[in-house]
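Please look over the structure shown here together with its sequence. The briefing below it takes up helices, salt bridges, surface patches and backbone angles in turn.

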Amino acid sequence: MSLHNLDEPYQSAYKTHNITETALLRVKDDVLKAMDKSHVVFLVLLDLSAAFDTIDHDLLLKRMNTELGISGIALQWFKSYLSDRQSRVSIGNNYSDPVDLEYGLPQGSILGPLKFLIYTLPLDKIIRRHALDFHLYADDTQLYCSFDPKIPGARQHAIEKLQLCIAEIQEWMTSNKIKLNESKTEFIVL
């Protein structure tokens with residue numbers, strides 16, 4: 001059972017007047033509505049490992065082109081923004097040799113969060129295909145579904161929907177060089 005309109009925006013990070021509490025209130029409101037109907041809610045909190053550090057520049061640029069239609073000079077500008085980046089470590093007055101950065105988004109940049117949201121656009125389609133409720137805030141993903149425990153098989157159906165969706169998310173993340181941190185991912189029954 002869907003708790004809200006699946007056409008609503010799924011990502012609230014990096015938007016005016018949206019903070020972590022906004023995301024928490026959205027999920028809490030959905031959960032409370034289901035509980036008011038005496039439904040059980042399964043909530044999965046997915047955690048990513050170093051999400052911004054693993055973004056593949058080529059995949060990002062391809063997604064910007066195919067998903068958003070960005071091309072020509074605008075796409076070249078973004079390619080330039082991501083190119084020729086280096087990193088090095090300093091300890092005291094000693095510096096390591098610079099290393100070219102082929103992956104990752106600049107930390108603390110204005111465009112970094114926007115690029116991450118573009119990179120993860122396919123998550124929306126994956127989750128919607130499994131008809132789960134969800135909310136994303138930056139690299140935090142909450143998947144949830146409710147069911148009436150009095151209906152035979154409803155519990156098992158909800159578990160299967162979550163399992164199939166998470167398996168597809170894991171497959172997508174692996175092919176897109178994002179790592180799901182399974183040790184910090186949580187499953188909660190409400």
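What follows is a short briefing, grouped by topic.

This is a predicted model, in which local features need pLDDT of at least 70 and side-chain atom pairs count only at pLDDT 80 or more, while totals for chains, interfaces and linings use all residues. Residues are numbered from 1 along each chain as its sequence is written, and side-chain values use heavy atoms, with hydrogens and water left out.

- Helices (H or I, at least four residues) and strands (E, at least two) are DSSP runs that are numbered from the N terminus.
- Eight of the nine residues of H4 are buried, so this helix is largely enclosed by the rest of the structure; buried here means under 20% relative accessible area, exposed means over 50%, and partly exposed lies in between (1.4 Å probe, protein chains only).
- The buried residues of H4 are Leu111, Gly112, Pro113, Lys115, Phe116, Leu117, Ile118 and Tyr119, and their cover includes E2, H2, helix H3 (72-82), H5 and H6, where contact means heavy atoms within 4.5 Å.
- In helix H5 (residues 121-129), the buried residues are Pro122, Leu123, Asp124, Ile126 and Ile127, and among the elements that cover them are helix H2 (57-68), helix H4 (111-119), strand E7 (133-137), strand E8 (140-147) and helix H6 (154-175).

**Salt bridges**

- The count comes to six salt bridges, each being a side-chain nitrogen of Lys or Arg within 4 Å of a carboxyl oxygen of Asp or Glu.
- One of them joins the side chains of Asp56 and Lys177 at 3.0 Å, N to O; this pair links distant parts of the chain, 121 residues apart, with Asp56 in the loop between strand E2 (48-49) and H2 and Lys177 in the loop between H6 and strand E9 (179-180).
- Asp56 is buried at 7% relative accessible area, whereas Lys177 is partly exposed at 38%.
- Another joins the side chains of Glu168 and Arg129 at 2.3 Å, N to O; because Glu168 lies in helix H6 and Arg129 in helix H5, this pair ties together parts that are 39 residues apart in sequence.
- Glu168 is partly exposed, with a relative accessible area of 24%, and Arg129 is exposed at 54%.
- Asp148 also forms a salt bridge with Lys150, with the closest N and O atoms 4.0 Å apart, and Lys150 is exposed at 65% relative accessibility.

**Surface patches**

- Patches are made of residues with over 30% relative accessible area and no salt bridge, like charges being joined within 9 Å and nonpolar side chains (Val, Leu, Ile, Met, Phe, Trp, Tyr) within 5 Å.
- Leu32, Met35 and Leu190 make a nonpolar surface patch of about 240 Å², in which Met35, a residue of helix H1 (residues 20-36), is partly exposed at 40% relative accessible area.
- A patch of negative charge on the surface gathers Asp58, Asp84, Asp100 and Glu102; Glu102 is found in the loop between strand E6 (99-100) and H4 and is exposed at 56% relative accessible area.

**Positive phi angles**

- Most residues other than glycine have a negative phi.
- Ser38, which is not a glycine, has a positive phi of about 65°; Ser38 sits in the loop between H1 and strand E1 (40-46) and is partly exposed at 44% relative accessibility.

Conventions: Areas by Shrake-Rupley, 256 points an atom, 1.4 Å probe, with all protein chains shown as cover. Lys, Arg positive; Asp, Glu negative; His and termini not counted. Charge placed at Lys NZ, Arg CZ, Asp CG, Glu CD.
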